[in-house]
Amino acid sequence: MYSRIKSAILIAGTVLAVSAHAQVTVKEAWIRATVPQQKATGAFMQLTASQDTRLVSVNTPLTPKAEVHEMAMQDNVMRMRQVRAIELPAGKTVELKPGGYHVMLMDLPAQVKEGQTVPLTLVFEDKSGARKTQDVKVPVRALNAAVAPKDEHGEHKH
Ligand SMILES: [Cu+2]
């Protein structure tokens, strides 16, 4: 009896230790392919954080200039601007999509082609200001792909 309680406490302790690090689930990530000479494109994905956290920056070997952007109506015109962070409230799925939040890849040295896979390092910051990085491999999809194909839903669950 005593040892059973003891192991239950041990297990609880382990769970606490794990949840102290915010986990962010990245789903349906994709990058829009470019045409020759095009210097910028967007990366899109769905982010779900286990604890309140924020996406503060993105790094990629593709270009030294990757920024976190938002598209928003301003004086009846859609404009995009760099944001300092995208808030990821605990348990809520935040979608980076065309026309909304996105990762902007600029100063592209070469065309980004469909079928390529681009590594991105997402930099998250928790409430205490501690930063943590997460690497994702992102497929490049065709220029006219507005959204991830519906039939891929559920395939990337972990
Ligand atoms: Cu942008």
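**Copper site and aromatic pair**

Tutor: In this predicted model, the 4 donor atoms around the copper ion subtend angles of 102 to 116 degrees, so the arrangement is tetrahedral.

Student: Which residues coordinate the copper ion, and through which atoms?

Tutor: The donors are H69 (ND1), M80 (SD), H102 (NE2) and M104 (SD), at 2.1 to 2.3 Å. A donor has to lie within 2.8 Å of the metal. Along the sequence, the donor residues follow the spacing H-x10-M-x21-H-x1-M. Among them, H102 and M104 are buried.

Student: Let's turn to W30. Why is W30 called buried?

Tutor: Buried means under 20% relative accessible area. W30 has 3% relative accessibility, so W30 counts as buried. W30 belongs to strand 1 (residues 24-32), and its C-alpha atom is 5.7 Å from that of V140, 110 residues apart along the chain.

Student: How many aromatic pairs does the structure hold?

Tutor: It holds 1 aromatic pair. The ring centres of W30 and F44 are 4.8 Å apart and the planes are at 40 degrees, so the pair is tilted. The pair links distant parts of the chain, with W30 in strand 1 and F44 in strand 2 (residues 41-49), 14 residues apart.

Student: How do you know that the pair is tilted?

Tutor: Ring centres must lie within 6.5 Å to pair; planes under 30 degrees apart count as stacked, and over 60 as edge-to-face. With planes at 40 degrees, the W30 and F44 pair is therefore tilted. Like W30, F44 is buried.

Terms used:
Residues are numbered from 1 along each chain as its sequence is written. This is a predicted model: local features need pLDDT of at least 70, side-chain atom pairs count only at pLDDT 80 or more; totals for chains, interfaces and linings use all residues. Side-chain values use heavy atoms; hydrogens and water are left out. Donors are N, O and S atoms within 2.8 Å of the metal (3.2 Å for Na, K and Ca); water is not among the atoms, so sites may look incomplete. Four donors count as tetrahedral if all angles lie between 85 and 135 degrees; four count as square planar and six as octahedral if opposite donors are over 155 degrees apart and all others between 65 and 115; anything else is irregular. Buried means under 20% relative accessible area, exposed over 50%, partly exposed in between (1.4 Å probe, protein chains only). Helices (H or I, at least four residues) and strands (E, at least two) are DSSP runs, numbered from the N terminus. Rings of Phe, Tyr and Trp (its six-membered ring) pair if their centres lie within 6.5 Å; planes under 30 degrees apart count as stacked, over 60 as edge-to-face and the rest as tilted.
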